[in-house]
Structure formats: C-alpha cells, structure tokens
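This report concerns a predicted model and is meant to be read beside its sequence and coordinates.

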Amino acid sequence: MPEAAALELDGVEVRYGSVSAVRDLTLRVGKGEIVGLIGPNGAGKSTTLNAIMGLQPAHRGEIKLNGQALRRRSVESIARAGIALVPEGRRIFGDFTVEENLRLGLAARRRTYIGDPFGPAFELFPILSEFRGRQAGALSGGQQQQLAIGRALVSRPDLLLLDEPSLGLAPLAVDGIFKAFTEIREVGTTILLVEQRAQRTVALANRTHVLVGGELRMTLGPADADDTEKIIAAYLAS
Amino acid sequence: MSVLASIDLQTLGDAFGLGAIYALMAVGIGLVFGVLRLVNFAYGQLIMAGAYTLAYTSGWPVAASIVSCFAVVVALSLAMDRVVFRPLRSSSPAVMLVTTFAIAFLLQAVALIIDLRDGQLGEVASSIAPLNQAVSVGGVDVRKVTFVAVGVALGALIALALVLTRTTIGLHTRAAASDFRTARLLGVRANRVIAFAVVVSGLLAGAVAVLLTVQNPFVQPDFALEDTIIVLVGVVVGGIDRLWTATLGGFAIGFVSVLVNAALPTDQTVFLPSVVYALVIVVLLLRPAGLFAWGRRAAMERV
Amino acid sequence: MRFSLGALVELLGPALLVIVVGLLATTASASNEVYFLNALVSVAIVVAIYVFVGISGVLSFGQISFVAVGAFAAGVMTVPVESKKGVLTTIFPILRDHSVGNVPSLLLAAALGGVFAFVVGMPLMRLSGLAAGIATFAVLEITHNVLREWTKIGPGATTLALVPETTGALQATLGALVAIVVAFLYQRSRRGRLLRASREDPAVARSVGVNIHLERLLAFTVSGALAGFAGALYVHLLGSITTEQVYLELTFLTLAMLVIGGLTSLWGAVVGALAVSGLDSFLSRAEQSDVHVIFTFTLWQGTRLVFLAAIMALVLILRPSGLTGGREFRLRWLRRR
Ligand SMILES: Nc1ncnc2c1ncn2[C@@H]1O[C@H](COP(=O)(O)OP(=O)(O)O)[C@@H](O)[C@H]1O
Ligand SMILES: [Mg+2]
C-alpha cells in the first residue's frame, strides 16, 4: 500500500531521566486497523502511548501521524491533529457532569459536524445519553470507561489510543467495550490498543505486538489467539 | 442597648465590606493558582499599579480613569504571565513563590522611583473619593463604598460563576484547574486557559484597586501589600484547592478581622494580629486541607 | 560518627569560603567592612533556615521569628544596666536590673530560639505543604506583633539602642562557622539523613518506621537555636535594632538567598547568602551611598532595589535549582568549572 500509515513509529526511544523505558521501537498502524500492544507491567506500554501523545516526548526516533512528523508538538496540538488517548485509569472529571466531560472532548475537534456533537459517543453507549446530567464520579466503573472512550470519540479522531481500557472492569463490562472496539473500527477509526488481556486482544486485533522490557519481542496474528503457549512464551522471553 | 446595636450593625457593615474586597482578591489569587499551581505573591502589586494609575489619572473623567486602571492592571498581569510565570511552569512551588516575592519587590521598587519623581512619597487618588461618604440606613451610618464593595463583589462573583459554568473557556479552565494533564490531552489549549485566568485575575485586581483607593486614597508603593498577605493566608485557611473555598477563606478572614477588632477592648486592639493569626494556626491544625474543604487533602502536599 | 574524605570536603568548601570572606573583612576599609560582616551574618541566618527548610523540604516563613527573639533577647540583656534604667523604663524589673556579657548573650539567644522553636514546632510540625508555610508565617506575625507591642519585654516599637557592637570580623566569621558546622553535623547524622530521606518519599520513610513528626521537630528546634544565635550576632553587629528589621523583608530576602543558592544543600545556603549579599553591597557602593539621606531617597537608591530584585528573579527563572544546583560542594565540581 503506497498510502501513508495512520501511525508510524520508527526507532523510538523514550527516557525518564537517564533510564530508557522504551528502546528502538518501530511499529506501524495502517488506516482502519486495530493493532494490539501487550506485555507485562512495566514493559513500557503506557510510555509508548504517552510518547505518541507528546506527554513524554521521545528522546530519539520519529513518530508520524498520516505521514506527518509529530516531533516537538505540544500535547494539545497533537490532540487537535487527530489523536485521542483514553488514558490509564480513565481520568474522567468526577466532579463534572457526564455532558461536561463530553464537552471537554469537543476541545480537540477539528471541524464542526452536523447533528448531535455527542453522536459518536451516544450511538456507541446509549447509557451516556440517558445519564448526561449526572455527576460522572457517580457512574459505575464500566460506565466511567464508556464515558472516557466516548469523550475521546466526540473529537472524531483519526487514531484512538487506549491504555488498558478493561482494567478493573467486571467481565460483562469487558465484553461490552471489546464489542465497542469492533464497532469503532467499522466506522473507520484506527485503534492502537494497549491491553493485559492478551488472548482477547490477539483475537480482536489485526496484529498484536508483545512488548517486554521496553523492546518488541514478537508479533502475533489473530490465528495465534488460541495458542496460549505461544503467548505465554512471548511474555516470558527476556 | 441601642448604642450597642448600632455599633454592631456598623461593624457588621464594615465586616461585609472588607470581606467582599478580600473575597475578590481571593478569587484572583485562586484562579491563577488553579491553573498554574502558583501562589502569586505579587498580586498585591497589580492592585498597587492600578491604584497609582487612578492617582495619576485623577484629573480625568472618572470613567476614563477607571478604564485606564483596568487596562494597566490587565496588561501588567499578562506581562507577568509571559515574562515570569511561563518560564517557571515546570519549577518547584518554592521557586515559583520566591520568584513572585522578587517580582513583588521589583514592582514596588519601580513604583517608588516613579512616585518619587515629584520629590514626595505617595500620590492621592481623589476622583472617586465621594464614594467614601456615609449614608444613613435606619439610623446607622454606613459608607457608600461598603455597599459598592459588596455589590461589586457579588456581581463579579456571579458573573464569574456563570462564565465558568456556562461557557467553553470556563469549562476548559475548570478542567485545567482540576487535572491539567488530562485537560491538555483532550485538546484544551494550556496557554489560552492560562491567559484567561490571568486576565480575569487582573480584572479583579483592577476592581479591588478602585474599591481600596476609595477607602484609602493615599497611594504608596506598599499599597495593598498587607491586604494581599492577609488574603493569601485566608485563601490557604479556606482551602486553596478549590475556587469557592479559597473565596470563602478570603471573605472569612476579612470579616473575622473586623469583628475581632471590634470585640477586643480598646487598649488591646494593638494585639489584633496576634489574635487573628492565633486563630489561623488553630484552624490550620484542625483542618489542614482548608476550613471549607471536605474530604480532600491531596493539594496540601504539593508545596 | 566517621566521615569520609568526601564528607569533609563537603564541610571544607563552605567553611573556607566563609573564612576567606572573614579575612577580606579585616583588610577592607572601615566603611566597607560592614558589608562583609553583614554577609557573614546572612550566612548564619540562611544556614539556620536551611537546616529546617532545606533538609525537611517543608516550607517555613517563620524562622525569622527565632532570629527576632534571639536578637532582642541578646540585645536587651547586653545593654549596660546603667543605661537600661534610662532607656528601657517599662520592662520587667528583673530584665532591667541584670545584664550579661557578649558570649552568654549568644548562648542565651540560641537557647531561647531553640526552646521557642520546640514549643511552636510541637503542634505545627504535623503540617506540611502550604498549610505549614502559612502556619509558620502566622508565628512570624504573632512574634512581631508581641515584640512590637509588649513593652514589658523590650523596647516595643521604638529602637533598641546602645547594644555593644561585639560582632566584628572574628565573631562574624566564627559565628558563621559555628552555624555551618552544626548544620553539617546534623545533616550527616543518622537523624538528619532520615529526615532528608523522608523529604524525598514521606510514605516510604513512614513505612520503615521513621517518625516524621519527631524528626521535623528536631530539625525545627536545631534551626530555631541557630536562628536565635544568628539573631544575637546580628544585633551585636548593628548595635541598634527595631522589630521591622527582623520581619517580612528579612524573611523574604533570606528565603530568596536560600533558593537562589540552591534550596537542598548547605553549600547552596552559603553560596546564596554570600552571592546575594555581595550583589546588594556592590549595588549599594555603586550608587554612592556615602551620603546619608534620611527622607528623600535619591533616584539611585531606588534603582539598587530594582536591580537586586530583577537579578534575583532572573536567576530563579534561568536556574530554578539555584546557583549550586542544590548540590553539596565537591572537588569534582571545582574541576568541572
Ligand atoms: N513518570 C515516570 N518516571 C520514571 N519512570 C517511569 C515513569 N513512568 C513509568 N516509568 C518506568 O518506565 C517503565 C515503563 O513503565 P510503563 O510504560 O508505565 O509500563 P506499562 O504501561 O507497560 O506497565 C517502568 O519501569 C516504569 O517504572
Ligand atoms: Mg501502563
């Protein structure tokens, strides 16, 4: 495909002080794909997403969105360029109403669209529409995660980054959001999904990379989803 | 009996008047703290600059004089953000605070030089002094400026509350004050939100300059310095982490100071600061996160 | 306690610097000497503040209270008895009828400063962050208010004069050295190291059984004693003092010295005090302040403050970790320059 990938990382290194948390990371997410990124705690998954978002600027290497380099751009300008991050721990504004949280998501919108600006969130998660006047902090964990995803979607991003969205959710809620990812892909939004639920991620994603100790170890395809041993081996390889 | 009652009413009026002015200052300080996590000790010098502007333009029509006061204060407030706050954004709270001390001294020293060009310390801002006259309310003399102060404070606070809750920039500012990192990754523009807070804080300083010069038209380089210190204390005592607790704290310390002053025997009023600050210590020990703050302690570990 | 060579170097750097300044003071002209002495007393005050603020990481605006108490205690108790009857008419008879010598007054000031800090610190050391900053500031306000208005313990709002001017080059140098050595011994001691560790991570410190409240109280008390001592040095330098001289301005100036030097190291405290005092002296000389003008500040006098404040702000903005970067003196540091 000659077309530029939605996201390209080339030789990215991210450091905290003098310690590098991610080394020589190269990966590519094509338009409309879901790419998974799995790995044990402390592997550098969140660090990778933060580097893409500009929260923890890369020390070395190139990050490109739709072929355009993101180097040295501020966090908010990266958000406005079309990347939305659903951060670890959701980070919703608990004192604000559901609607106010969604309105914040509009900050990164690049154009105005006809119709309900919250449409992308409400179509996927009707409960948000029903609870739009409630305090966000009063929602259940699953609903808060839906709000965090909905808030990212109302900006109509080209690329959605998700940092362990299923963490701490009840099994039913996990099913719900994994189903949502498929629907998000269907409307053409590209997804980079960081997860600990390896098997489900491998089954869902076009490709899933395994990150261990800040380095890519292996790449798995949907066919590997049932090969538990292979996944475990990838985790343990060090 | 009636004497006592009249003293009480008058005192109460003064207490509300001072509390209102301090509440405005508290909002100005609290807004900037909210988005920058910076305690701006130099806030008083914004007010001082406004007061000098009123003094130097006291020959002008009152409206023009007041407008130029606001213009100078807002411009200075923005300049302070650009030159001082912005480079300090990633510094530790102690460095930020001490830098604003230095800025406060700098502005005071500059004011001294300007003031002394005529060979005399102090300038008089007289054009709006008539507001200082008393009106009789039910047999009690209350200065007009007390009503104006309470009115202006209420008006400003209501307007600000509406802006913060009803507009996009208000929503963005509240989000930034609550969790700046997340606000930015949602696309909230840091510089715009900070500029908004700085401008509003400047407008409030301008309003305070007008109200304070009515009460005390004699402007010197340390104008509003003491008030600022007291309001900073009040803001922390009330709970600096949220705008409304900070505002209440500012109001409370002004209000309580006037009442304590009235309650002290005449020969003991020189010890007013001791009494007020002893109260401050007791409140801080009992409620370190703020007198009006419930269930939140996180911010106190920041400095 | 055993010290490595590196640790001794850490002490020698600040100590030698102070001795050099002391030697310069003896060679300077009479009118210049006071600048050097002032700088040395500033070192003592800033080191006292460092012992609490720098090591514990808790902000305090209250340490000048202890300087004030030390200054007035040492001052009132060293004015000769004959003069006291004439000038300090309102004070308690027991204070009026007794005086002590220079050295006892220094010790008295240190003891009072320490006791005062201990008493105040017992409740306040539970606080941290801005609450601690404001509570200690309240202590400064109360101390100032009481010293200024209670004429049974001192001169009140009037000037305390006729204090023997015993802080010459020798006393100033030795005084600054005492402060530095005490600070050094404390920060190198087990307890000092525990407190510093608790600054970096209070939760971890607590989990390994460090009683942070107690450690902070100890630092606060040591700092208070040093501050009282420094106050005595100060009053014996000036010969006369008012409560305004040991209040807001001194608080802000000394804190600025500490932060400019580098909040987290003894070396930073010493360098900051000397650098800012030196700058201030230089600016004073530059504006020809030989002529004593009481009321009409000349234009020049204004510009000194403008420059001083502007340079301080600039250093803080350009080098937020301070001139020393908050690190202790090391020989490698010398080589790198
Ligand atoms: N703010 C930080 N400062 C220093 N080190 C960090 C910071 N955040 C993460 N790290 C370190 O970077 C490594 C990767 O962390 P992270 O990206 O959060 O891993 P993951 O998300 O895969 O669990 C870990 O060793 C972690 O300790
Ligand atoms: Mg993570």
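Residues are numbered from 1 along each chain as its sequence is written, chains are lettered from A and ligands numbered from 1 in the order in which they are written, and side-chain values use heavy atoms, with hydrogens and water left out.

**Metal site.** The magnesium ion (ligand 2) is coordinated by A:Ser46 through OG and by A:Glu88 through OE, at 2.1 to 2.7 Å. Donors are N, O and S atoms within 2.8 Å of the metal (3.2 Å for Na, K and Ca); water is not among the atoms, so sites may look incomplete. The pair links distant parts of the chain, 42 residues apart: A:Ser46 belongs to helix α1 (residues 45-53) of chain A, and A:Glu88 to the loop between β6 (83-86) and α3 (98-105). Helices (H or I, at least four residues) and strands (E, at least two) are DSSP runs, numbered from the N terminus. A:Ser46 is buried, at 17% relative accessible area, while A:Glu88 is partly exposed, at 39%. Buried means under 20%, exposed over 50%, and partly exposed in between (1.4 Å probe, protein chains only).

| Residue and its N or O atom | Ligand 1 atom | Distance |
|---|---|---|
| A:Tyr16, side chain | nitrogen | 3.4 Å |
| A:Gly42, backbone | oxygen | 2.7 Å |
| A:Thr47, side chain | oxygen | 2.4 Å |

Taken alone, ligand 1 exposes 560 Å², of which the protein buries 55%; accessible areas come from the Shrake-Rupley method with a 1.4 Å probe.

**Chains.** Of the two pairs of chains in contact (heavy atoms within 4.5 Å), chains B and C share the most contacts. No contact joins chains A and C, whose closest C-alpha atoms lie 16 Å apart.

**A residue of chain B.** B:Gln108 lies in helix α4 (residues 93-115) of chain B and counts as buried, at 16% relative accessibility. Leaving aside neighbours within four places in sequence, B:Gln108 is in contact with B:Gln45, B:Met48, B:Pro221, B:Asp222 and B:Leu225.

Notes
This is a predicted model: local features need pLDDT of at least 70, side-chain atom pairs count only at pLDDT 80 or more; totals for chains, interfaces and linings use all residues. A polar contact is a pair of N or O atoms within 3.5 Å; within protein, one must be able to donate a hydrogen and the other to accept it, and residues adjacent in sequence count only if both atoms are side-chain atoms.
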